[in-house]
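Here's a short tour of some side chains and rings. Have the sequence and the 3D view ready as you read.

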Amino acid sequence: MRVLVQRCKEAQVTVGDELTGRIESGLMLLVGITHEDTEKDAIYLAEKISGLRIFEDEQEKMNLSLLDVGGAVLSVSQFTLYGDCRKGKRPSFAAAARPDVAERLYETFNQLLRDKGIQVETGRFGAMMDVSFTNWGPVTLMVESPVHDRPAHN
C-alpha cells in the first residue's frame, strides 16, 4: 500500500457537480493499493499516518501529529500511484490491485482512521473526480507499508 500524504489548509473532492468530501486543516491522502496488500498494510498505514509528526508546535518545529492537532483527512483512491513509467511513454498499471480488492482495503483504511476519532471525508471509489486543495508548507510525503516477506510481483 502506498499513500501520498499532503498537509493541507483545506481540501475538497467532487464527482461531476456533487461535492463528496471537504475538510479544513488536515491531510490530503491519495491512496494506492497493489496486489499483495492485506488488512495488515491498512492497519500499519493508519497507525503511521495518524501519528506522523508533520504539524508545527509552538516553536515552529514539525512535532505534532494529526491526532494532536485534531485535523481531518480527505482520502481519495488513486490506483495511478502504482503506475510504472519505466518503459515507453504509456504507464503500465499492472501493479495496481483489482478494483474489488482495492476498494475493500481502501474502505478498511478509512474506517481505521475513523476508529481513531479522525474525521475522514472521501471521494467515490472508481469515479472520475476533481480534487482541489491548498498544500500547507508545502509538506508532501510518500508513505508505504513494509514490503518484506512478500513475493515479488511481475
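A polar contact is a pair of N or O atoms within 3.5 Å; within protein, one must be able to donate a hydrogen and the other to accept it, and residues adjacent in sequence count only if both atoms are side-chain atoms. The side chains of Ser 75 and Asn 110 make one, at 2.8 Å. This is a predicted model, where local features need pLDDT of at least 70 and side-chain atom pairs count only at pLDDT 80 or more, while totals for chains, interfaces and linings use all residues. Residues are numbered from 1 along each chain as its sequence is written, and side-chain values use heavy atoms, with hydrogens and water left out.

So is Ser 75 buried or exposed? Ser 75 is buried, because its relative accessibility is 0% (buried means under 20% relative accessible area, exposed over 50%, partly exposed in between, with a 1.4 Å probe and protein chains only). Beyond its neighbours within four places in sequence, Ser 75 is in contact with residues including Leu 29, Tyr 106 and Gly 123 (contact means heavy atoms within 4.5 Å).

Tyr 106 is also part of a ring pair, with Phe 125: the centres are 6.0 Å apart and the planes at 40 degrees, so the pair is tilted. Rings of Phe, Tyr and Trp (its six-membered ring) pair if their centres lie within 6.5 Å; planes under 30 degrees apart count as stacked, over 60 as edge-to-face and the rest as tilted.

Here's how accessible some ring residues are:

| Residue | Relative accessibility | Class |
|---|---|---|
| Phe 55 | 3% | buried |
| Tyr 106 | 1% | buried |
| Phe 125 | 24% | partly exposed |
| Trp 136 | 32% | partly exposed |
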